[in-house]
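Here is a short report on one helix and its surroundings. Please read it alongside the model.

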Amino acid sequence: EGPLPASVPQPLVQPLADTAEAMRAALDAGDSAALGAGLHSLRGAFALIHETGLAADCVAMETQLRDADLPALAQAFERFDPAARAALARRAPEGAAAA
(Lines give C-alpha, C1' and ligand atoms only; values in the text may rest on other atoms or scores of the structure.)
Protein backbone atom coordinates (compact mmCIF):
# COMPACT_ATOMS: atom_id res chain seq x y z
CA GLU A 1 0.00 0.00 0.00
CA GLY A 2 2.87 2.36 0.70
CA PRO A 3 5.83 3.39 -1.39
CA LEU A 4 7.66 0.66 -3.21
CA PRO A 5 11.42 0.23 -2.95
CA ALA A 6 13.23 2.78 -5.12
CA SER A 7 14.23 0.12 -7.65
CA VAL A 8 10.69 -1.06 -8.39
CA PRO A 9 8.47 1.71 -9.82
CA GLN A 10 10.79 3.13 -12.48
CA PRO A 11 11.33 -0.20 -14.24
CA LEU A 12 7.54 -0.50 -14.51
CA VAL A 13 6.88 2.99 -15.92
CA GLN A 14 8.40 2.66 -19.39
CA PRO A 15 7.11 -0.88 -19.93
CA LEU A 16 3.65 0.35 -18.94
CA ALA A 17 3.87 3.17 -21.48
CA ASP A 18 5.20 0.77 -24.13
CA THR A 19 2.51 -1.79 -23.37
CA ALA A 20 -0.20 0.88 -23.43
CA GLU A 21 0.95 1.98 -26.89
CA ALA A 22 1.12 -1.62 -28.10
CA MET A 23 -2.33 -2.33 -26.66
CA ARG A 24 -3.86 0.61 -28.52
CA ALA A 25 -2.24 -0.55 -31.77
CA ALA A 26 -3.45 -4.10 -31.17
CA LEU A 27 -6.97 -2.85 -30.47
CA ASP A 28 -6.93 -0.87 -33.72
CA ALA A 29 -5.69 -3.94 -35.61
CA GLY A 30 -7.92 -6.41 -33.78
CA ASP A 31 -4.78 -8.40 -32.84
CA SER A 32 -6.06 -10.76 -30.16
CA ALA A 33 -2.67 -12.42 -29.60
CA ALA A 34 -0.96 -9.10 -28.90
CA LEU A 35 -3.82 -8.00 -26.65
CA GLY A 36 -3.61 -11.23 -24.68
CA ALA A 37 0.14 -10.92 -24.26
CA GLY A 38 -0.13 -7.29 -23.14
CA LEU A 39 -2.87 -7.99 -20.65
CA HIS A 40 -0.99 -10.97 -19.24
CA SER A 41 2.12 -8.82 -18.78
CA LEU A 42 0.20 -6.01 -17.11
CA ARG A 43 -1.69 -8.40 -14.83
CA GLY A 44 1.57 -9.95 -13.66
CA ALA A 45 3.27 -6.61 -13.07
CA PHE A 46 0.45 -5.23 -10.96
CA ALA A 47 0.00 -8.49 -9.06
CA LEU A 48 3.73 -8.42 -8.28
CA ILE A 49 3.41 -5.04 -6.56
CA HIS A 50 0.15 -6.03 -4.84
CA GLU A 51 -2.09 -3.69 -6.85
CA THR A 52 -4.83 -6.30 -6.79
CA GLY A 53 -7.54 -4.02 -8.15
CA LEU A 54 -5.51 -3.27 -11.27
CA ALA A 55 -4.58 -6.93 -11.67
CA ALA A 56 -8.29 -7.80 -11.41
CA ASP A 57 -9.06 -5.18 -14.06
CA CYS A 58 -6.64 -7.04 -16.35
CA VAL A 59 -8.43 -10.32 -15.65
CA ALA A 60 -11.73 -8.66 -16.57
CA MET A 61 -10.23 -7.34 -19.80
CA GLU A 62 -8.87 -10.82 -20.57
CA THR A 63 -12.45 -12.09 -20.22
CA GLN A 64 -13.64 -9.40 -22.62
CA LEU A 65 -10.94 -10.52 -25.04
CA ARG A 66 -12.02 -14.17 -24.76
CA ASP A 67 -15.59 -13.02 -25.39
CA ALA A 68 -14.37 -11.06 -28.45
CA ASP A 69 -15.87 -7.87 -27.00
CA LEU A 70 -13.18 -5.52 -28.29
CA PRO A 71 -15.29 -2.35 -27.93
CA ALA A 72 -15.78 -3.06 -24.20
CA LEU A 73 -12.11 -3.98 -23.88
CA ALA A 74 -11.08 -0.70 -25.52
CA GLN A 75 -13.27 1.28 -23.11
CA ALA A 76 -11.97 -0.66 -20.11
CA PHE A 77 -8.37 -0.10 -21.19
CA GLU A 78 -8.93 3.65 -21.53
CA ARG A 79 -10.05 3.67 -17.87
CA PHE A 80 -7.29 1.29 -16.79
CA ASP A 81 -4.32 3.16 -18.28
CA PRO A 82 -4.63 6.38 -16.24
CA ALA A 83 -5.47 4.38 -13.11
CA ALA A 84 -2.33 2.29 -13.61
CA ARG A 85 -0.18 5.38 -14.09
CA ALA A 86 -1.71 6.97 -10.99
CA ALA A 87 -0.98 3.84 -8.94
CA LEU A 88 2.66 3.90 -9.96
CA ALA A 89 2.88 7.60 -9.13
CA ARG A 90 1.19 7.02 -5.76
CA ARG A 91 3.53 4.15 -4.95
CA ALA A 92 6.72 5.93 -6.01
CA PRO A 93 9.32 6.44 -3.30
CA GLU A 94 9.33 9.90 -1.75
CA GLY A 95 11.12 12.36 -3.99
CA ALA A 96 10.95 10.06 -7.04
CA ALA A 97 8.81 10.65 -10.10
CA ALA A 98 7.02 7.56 -11.40
CA ALA A 99 5.47 9.05 -14.51
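The sections below cover the basis of the model, a helix, its packing and the neighbouring loops.

## Basis

This is a predicted model, in which local features need pLDDT of at least 70, side-chain atom pairs count only at pLDDT 80 or more, and totals for chains, interfaces and linings use all residues. Residues are numbered from 1 along each chain as its sequence is written, and side-chain values use heavy atoms, with hydrogens and water left out.

## Helix α3

Helix α3 spans residues 52-66, 15 residues in total. Helices are DSSP runs (H or I, at least four residues), numbered from the N terminus. From first to last C-alpha, α3 reaches 21 Å, close to the 21 Å expected at 1.5 Å a residue. That expected span is 1.5 Å times one less than the number of residues.

Six positions in α3 are listed by name as buried: Leu-54, Ala-55, Cys-58, Met-61, Glu-62 and Leu-65. They cover an arc of only 115° around the axis, so they sit on the same side of α3. The arc is taken from the directions from the helix axis to the C-beta atoms. Buried means under 20% relative accessible area, exposed over 50%, and partly exposed in between (1.4 Å probe, protein chains only). An α-helix has 3.6 residues a turn, so residues three or four places apart point the same way.

## Packing

The buried residues of α3 pack against α2 (32-48) and α4 (70-91). Contact here means heavy atoms within 4.5 Å. On the α2 side, the residues that meet α3 include Leu-35, Leu-39, Leu-42 and Phe-46. Their partners in α3 include Val-59 and Met-61.

α2 and α3 pack at about 160°, with axes 8 Å apart. That makes α2 roughly antiparallel to α3. Axes are lines fitted to C-alpha atoms, for helices over the stretch in contact, and angles run from 0 to 180 degrees between N-to-C directions. Angles under 35 degrees count as roughly parallel, over 145 as roughly antiparallel, 65 to 115 as roughly perpendicular, and the rest as oblique.

His-50 lies in the loop between α2 and α3. Its phi is positive, about 65°, although His-50 is not a glycine. His-50 counts as exposed, at 65% relative accessibility.

Ala-68 is found in the loop between α3 and α4. Phi of Ala-68 is also positive, near 60°, in a residue other than glycine. Ala-68 is exposed at 60% relative accessibility. Pro-71 is placed in helix α4 and is exposed at 59%. Its C-alpha is separated by 8.7 Å from that of Leu-27, 44 residues apart along the chain.

Definitions and conventions: Helices (H or I, at least four residues) and strands (E, at least two) are DSSP runs, numbered from the N terminus.
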